[in-house]
Amino acid sequence: MSNSDLLQRSLAAVWHPCTQMKQHAAGSDAAPMIPIARGKGVWLYDFDGRRYLDGISSWWVNLFGHCNPRINAALREQLDELEHVILAGCTHRPVVELSERLSALTGGSLGHCFYASDGASATEIALKMSFHAWRNHGRHDKTEFLCLSGSYHGETVGALAVTDVALFKDAYAPLIRAASTVASPDARQAKDGETPVDVARRAAAALASHLEEHHPRIAALIVEPLIQCASGMVMYDPEYLRLARALCDRYEVHLICDEIAVGFGRTGTFFAHEQAGIRPDFLCLSKGISGGYLPLSVVLTTDAVYGAFYDDRVGRGFLHSHSYTGNALACRAALATLDIFADEEVIAANRLLAEHLASCLRPLASHPRVRHLRQRGMIAAFDVLSDDERFAERFHRQALAREILLRPIGNTVYFMPPYVLDSEQCEFLVAGAVAALEATLAA
Ligand SMILES: *Cc1c(COP(=O)(O)O)cnc(C)c1O
């Protein structure tokens, strides 16, 4: 097998996600698709022996490297016990243990776990549960949702309702029952002399006036805590989450924290919402949950929400289902991932790694074409002044030439590496990105 063999077959038979396939046609000058033969740690290898440092954790899912020995061993063991069983009317050890451990990580406040296979489905579940819980309480008027501008909560027709990214949403507008949006607390919007906390308070004031007027019809507010990842690693102060929690309580609106991207230690704490000292009514998790191995998502919720469905009448139950709900292999990968967190003091180790990443990136702060260098935990980003519409694609290609896999979002270059990155690899990643930046700007 060679790169070009597999590439040709892939372009003929596979419709790739988030891709204009024509850009991969022969003769196109777009970045080539990379056929990956294997992975080890932070590295991906193609069929021709080239390597690439996975600076984006394979779409933000990988935590402890590719082909992680501990997760591999756990999965091998699980394969000989049980691969999957229907989760309606049956249960199994990995799903029970995972639910207990995830609940414990929320201090027991979110004690009920409902599973699906991907992030968008977790969003749909949280929206449906919120609506249905209010309905079971006789609040039939609560049929609307609120999200932040620039939010991303997945791309199924239901999840697009609370996603505010034109590129993903506009074409489907006639299909979507759009939610209302309120201002994002994006710290980059600070006016002269304003701190990120000031911006957060300003956005919370806008949320307060929206809720004051519309709360009887609103079931839930959905947010990505601390970082709106897909709209360009938009970072904001935890103060916003504190104020949003208080407003949701005051106006009887559920708070949904979508930690699909920011959970599992990404922002420096195990869950991002911990930094605000709050708990949501619903917590959506996916991506890193299985260490980047298998599709799995979960929505955790409170006794109060669970209680709203607990009844003699079947129709008051939450009758949602997915075929692979609570897949045993995926749950076992998640348990192995949690074992690594527990045994290797990952959060503390990440703190040092994040500091090293910050010091590698620091010189960029004074680069004449760089704005808003920002970081929270294991996510760092900066915006590039460039009016090249194809900046992201050109940068991506320049990075690949330097053995680095990075995919800017528009003019925002970001780093979201696996936690097993060592200091030397961290320096390699940033040096390669800086060289790719210079080459892209010079072209
Ligand atoms: C990726 C993502 C989703 C959607 O997850 P999928 O598994 O891609 O459907 C939802 N919310 C956030 C914050 C995400 O980053």
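Biologist: In what order do the seven strands of the open sheet run, and what is the pairing?

Modeller: Bear in mind that this is a predicted model. The order is β4-β12-β11-β10-β7-β5-β6, and the pairing is mixed.

Biologist: How many bridges join β7 to β10, and are the two strands parallel or antiparallel?

Modeller: Four bridges link β7 (residues 218-223) with β10 (residues 254-258), and the strands run parallel. Within this part of the sheet, L221 is opposite L255 of β10.

Biologist: Which strands does helix α4 touch?

Modeller: Helix α4, residues 93-105, packs on the sheet through β4, β11 (282-285) and β12 (297-301). The direction of α4 makes about 125° with that of β4.

Biologist: And which strands does helix α5 lie across?

Modeller: Helix α5 (residues 119-136) lies across β4, β5 (144-148), β7, β10, β11 and β12. Its angle to β12 is about 25°.

Biologist: What is the strand order in the sheet of four strands?

Modeller: That open sheet reads β1-β2-β3-β15, again with mixed pairing. β1 (36-40) and β15 (404-405) have a single partner strand each, so one side of each is left without a neighbour in the sheet.

Biologist: How many bridges join β3 to β15?

Modeller: Two bridges connect β3 (residues 51-54) with β15, and the strands are parallel.

Biologist: In what sense do β13 and β14 pair?

Modeller: β13 (residues 370-376) and β14 (residues 379-384) are antiparallel, with five bridges. R376 is bridged to I379 in β14. Two residues lie between the strands of this hairpin, and G377 takes a positive phi near 60°.

Biologist: Now the ligand. Which residues are around it?

Modeller: A shell is read first as a list, then by class. The list is W60, D118, G119, A120, Y152, H153, G154, E224, D258, I260, A261 and K287. By class, five are nonpolar, three polar and four charged.

Biologist: Which ligand atom is 2.6 Å from an N or O atom in the side chain of D258?

Modeller: A nitrogen atom of the ligand.

Biologist: How much of the ligand's area does the protein bury?

Modeller: The ligand taken alone exposes 380 Å², of which the protein buries 82%.

Notes:
Residues are numbered from 1 along each chain as its sequence is written. This is a predicted model: local features need pLDDT of at least 70, side-chain atom pairs count only at pLDDT 80 or more; totals for chains, interfaces and linings use all residues. Side-chain values use heavy atoms; hydrogens and water are left out. A residue is near a molecule or strand if one of its heavy atoms lies within 4 Å of it. A polar contact is a pair of N or O atoms within 3.5 Å; within protein, one must be able to donate a hydrogen and the other to accept it, and residues adjacent in sequence count only if both atoms are side-chain atoms. Accessible areas come from the Shrake-Rupley method with a 1.4 Å probe; for residues, only the protein chains shown count as cover. Ala, Val, Leu, Ile, Met, Phe, Trp, Tyr, Cys and Pro count as nonpolar, Asp, Glu, Lys and Arg as charged, and the others, Gly among them, as polar. Two strands pair if DSSP finds at least two bridges between them. Contact means heavy atoms within 4.5 Å. Axes are lines fitted to C-alpha atoms, for helices over the stretch in contact, and angles run from 0 to 180 degrees between N-to-C directions.
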